[in-house]
Amino acid sequence: MTIDRQSAAAFPAEDDFPDHRQVAQRFDDLAPDGTTSTVALSRLFEQPLVGLRFARFHKLVAEGGFGPFRFLFVGQRVERRTAFGGTGETVRIGTGMRAIGRSSYTYRQGMFADGQLVATAEGTMVLAGESGTIALPDELRADLDELRLPETGAAAAVKPDPRRGERRYYPDTVTVHARVGDVDHNLHVNYIAQLGWYDEAIAAHAHGLLGDGSAGRLPRFLPWRYQVNYLGEVRYPRAYDIGIAVSGYDEHTVYYELGLFAGGQCLGTADAAAPRGALPGTALADAAPFASVA
């Protein structure tokens, strides 16, 4: 299991974040149990993230001093720490920079309801040009520095096991289809849509273990925590396969390893933690990764 949990004590306090935004929850953000779903958390966290204003960098670009470029989302971590949510309720989201590298930066976010930390997120963005990654310009670095959190240590990079890029590593596979509504302005499938695909795969896997009578209970098995690596562009229209393996489980939790494939190419991996519920131990043990993959 490569996914880990950071304690609330080690997480920045609400006042430590340099940027604060208030976001209202929608009916669509609620899972069948009436609480905010983990995929919806990513949408809520995205709103203040795209609202950040890098004044120096935007001026540089507007004056023709930099470009062409684009930001690539290469990794994401999101965790629901406690059940919460309700239509129209508001949360406060703090955003700050955890680390700034040569061509990338890592942000951290905390979601607070009534002063309580209820969810966290972290992600890494890479600046890329036509031929690959490019160095962050001084103007952007200055903008990012203004948003730096008090904690200035470098973010620990989590690289998936190379075996995760092999389809045969995963004992189960679910096929998903890209929809036109999944495509964002960069003309590829949005990272939040991909997170939803992993939800679909885990629900399908649980259905396969529990049988047709479990349909009404499947949302109970959806993850509260994801750690995702985006390795390649996912496009529309086409079908993709998601490989599923169970890397471990205990009385309450199942730990999943997933891989997103287009043919033989791995375009992403995800680690997830989800409720075990009534999932049988013998079936979960049978879903362990194939150890024979070199």
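Me: Contact means heavy atoms within 4.5 Å. On that basis, which residues does Thr-35 touch, not counting residues up to four places away in sequence?

Reply: The model is a predicted one. In it, Thr-35 touches Asp-29, Leu-30, Arg-80, Ala-83 and Phe-84, with residues up to four places away in sequence not counted. Thr-35 itself sits in the loop between strand E1 (19-24) and helix H1 (38-50).

Me: What makes the pair Thr-35 and Arg-80 a polar contact?

Reply: The side chains of Thr-35 and Arg-80 are joined at 2.8 Å. The cut-off for a pair of N or O atoms is 3.5 Å, so the value of 2.8 Å for Thr-35 and Arg-80 falls within it.

Me: Why is Thr-35 called buried?

Reply: Its relative accessibility is 13%. Buried means under 20%, so Thr-35 counts as buried although it lies in a loop.

Me: How do you know whether Gly-86 is buried or exposed?

Reply: The value for Gly-86 is 11% relative accessibility, and the residue therefore counts as buried. Gly-86 belongs to the loop between E2 and strand E3 (90-100). Leaving aside neighbours within four places in sequence, Gly-86 is in contact with Gln-25 and Leu-30.

Me: What separates Gly-86 and Ala-62 in sequence and in space?

Reply: The two are 24 residues apart in sequence, and their C-alpha atoms are 40 Å apart in space.

Me: What makes Ala-270 a buried residue?

Reply: Ala-270 has a relative accessible area of 0%, and it is therefore buried. The residue lies in strand E11 (residues 265-275).

Me: Which residues is Ala-270 in contact with, leaving aside neighbours within four places in sequence?

Reply: They are Arg-164, Tyr-198, Tyr-226, Gln-227, Val-228, Tyr-256, Glu-257 and Leu-258.

Me: Why does Arg-108 count as buried?

Reply: Arg-108 has 2% relative accessibility, and so it counts as buried. The residue is found in strand E4 (residues 104-113).

Me: What makes the link from Arg-108 to Glu-122 a polar contact?

Reply: The side chains of Arg-108 and Glu-122 are joined at 3.1 Å. The limit is 3.5 Å, so 3.1 Å for Arg-108 and Glu-122 qualifies.

Me: How do you know whether Phe-112 is buried or exposed?

Reply: Phe-112, also in strand E4, has 6% relative accessibility and therefore counts as buried. Not counting residues up to four places away in sequence, Phe-112 touches Pro-12, Ala-13, Glu-14, Phe-17, Val-91, Arg-92, Leu-117 and Val-118. Between Phe-112 and Leu-149 there are 37 residues in sequence and 17 Å in space, C-alpha to C-alpha.

Me: Why is Asp-114 called exposed?

Reply: Asp-114 has a relative accessible area of 85%. Exposed means over 50%, so Asp-114 is exposed. It is found in the loop between E4 and strand E5 (116-129).

Me: What phi does Asp-114 have?

Reply: Phi is positive, at about 55°, although Asp-114 is not a glycine. Most residues other than glycine have a negative phi.

Me: Where are the peptide bonds to Pro-68 and Pro-237, and are they cis or trans?

Reply: The bond from Gly-67 to Pro-68 is cis, with omega near -5°. Pro-68 lies in the loop between helix H2 (55-62) and strand E2 (70-80). The bond from Tyr-236 to Pro-237 is also cis, with omega near 0°. Pro-237 is found in the loop between strand E8 (225-230) and strand E9 (239-249). Most peptide bonds are trans.

Me: How do you know whether the radius of gyration agrees with that of a compact globule?

Reply: For 294 residues, a compact globule would have a radius near 19 Å, and the protein has 19 Å, so the two agree. The C-alpha atoms fill a box of roughly 60 × 45 × 35 Å along the principal axes. Within the protein there are five helices and eleven strands.

Me: What share of the residues counts as buried, and what share of the contacts is between residues 24 or more positions apart?

Reply: Of the 294 residues, 50% count as buried. Among contacts with a separation of 6 or more, residues 24 or more positions apart account for 73%.

Note on methods. Residues numbered from 1 in each chain as written. Predicted model: local features only at pLDDT ≥ 70, side-chain atom pairs only at ≥ 80, totals over all residues. Heavy atoms only, no water. Helix = DSSP H or I, 4+ residues; strand = E, 2+ residues; numbered from the N terminus. Rg over C-alpha atoms; globule rule 2.2 N^0.38 Å. Buried < 20%, exposed > 50% of the residue type's maximum accessible area, 1.4 Å probe, protein only. Polar contact = N/O pair within 3.5 Å; in protein donor to acceptor, adjacent residues only side chain to side chain.
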